[in-house]
Amino acid sequence: MDTVYDGNAKINTVNKHVFVWVCNFLVGGFGVDRFIRGQIGLGLFKLFIGSWITLGIWPFVDFVIALVKAYGSNNHSNELTFINGRYAN
């Protein structure tokens, strides 16, 4: 993670792949990984039903997919940028 100060703004850049892996490992069972990717419906389903019915298989599969590839974005960058702690794309 790199930190740069630009005036009053603190700019952090994080490798996208590491961010997805850690997020998926720590809170993937609660569907937070789906919320981060903008898949609100799947995130809610995974939170309330999916993780429990599949006995943890769905979060495990999502983690394996995250290890193989980080989920795509429109900018095709390998870094995520946070300005003053908020995601900036």
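Helix H3 covers residues 40–53, and its 14 residues should span 20 Å at 1.5 Å a residue; the end C-alpha atoms are 19 Å apart, which agrees. Here the expected span is 1.5 Å times one less than the number of residues, and helices (H or I, at least four residues) and strands (E, at least two) are DSSP runs numbered from the N terminus. H3 bends by about 60° at Lys46, the bend being the angle between axes fitted to the seven residues ending there and the seven starting there.

Lys46 is also one of the buried residues of H3, along with Gly43, Gly50 and Ser51. Buried stands for under 20% relative accessible area, exposed for over 50%, and partly exposed for anything in between (1.4 Å probe, protein chains only). The buried residues of H3 pack against helix H2 (32–36) and helix H4 (57–68), where contact means heavy atoms within 4.5 Å. After H3 comes Leu55, with a positive phi near 55°.

## A note on the model

This is a predicted model, in which local features need pLDDT of at least 70 and side-chain atom pairs count only at pLDDT 80 or more, while totals for chains, interfaces and linings use all residues. Residues are numbered from 1 along each chain as its sequence is written, and side-chain values use heavy atoms, with hydrogens and water left out.

## Helix H1

Helix H1 (residues 16–27) has 12 residues and reaches 16 Å from its first C-alpha to its last, close to the 16 Å expected. Lys16, Val20, Cys23 and Asn24 are its buried residues. They cover an arc of only 95° around the axis, which puts them on the same side of H1; the arc is that of the directions from the helix axis to the C-beta atoms. Phe25 and Leu26, on the other side of H1, are exposed. The cover over the buried residues of H1 includes S2, H2, H4 and S3.

## The strands

Strand S1 (residues 2–6) pairs with strand S2 (residues 9–15) in the antiparallel sense over 5 bridges; strands pair if DSSP finds at least two bridges between them. Their hairpin has 2 residues between the strands, and Gly7 takes a positive phi near 70° there.

S2 also pairs with S3 in the antiparallel sense over 5 bridges. Asn12 of S2 is the bridge partner of Thr3, and Asn12 stands opposite Phe82 in S3.
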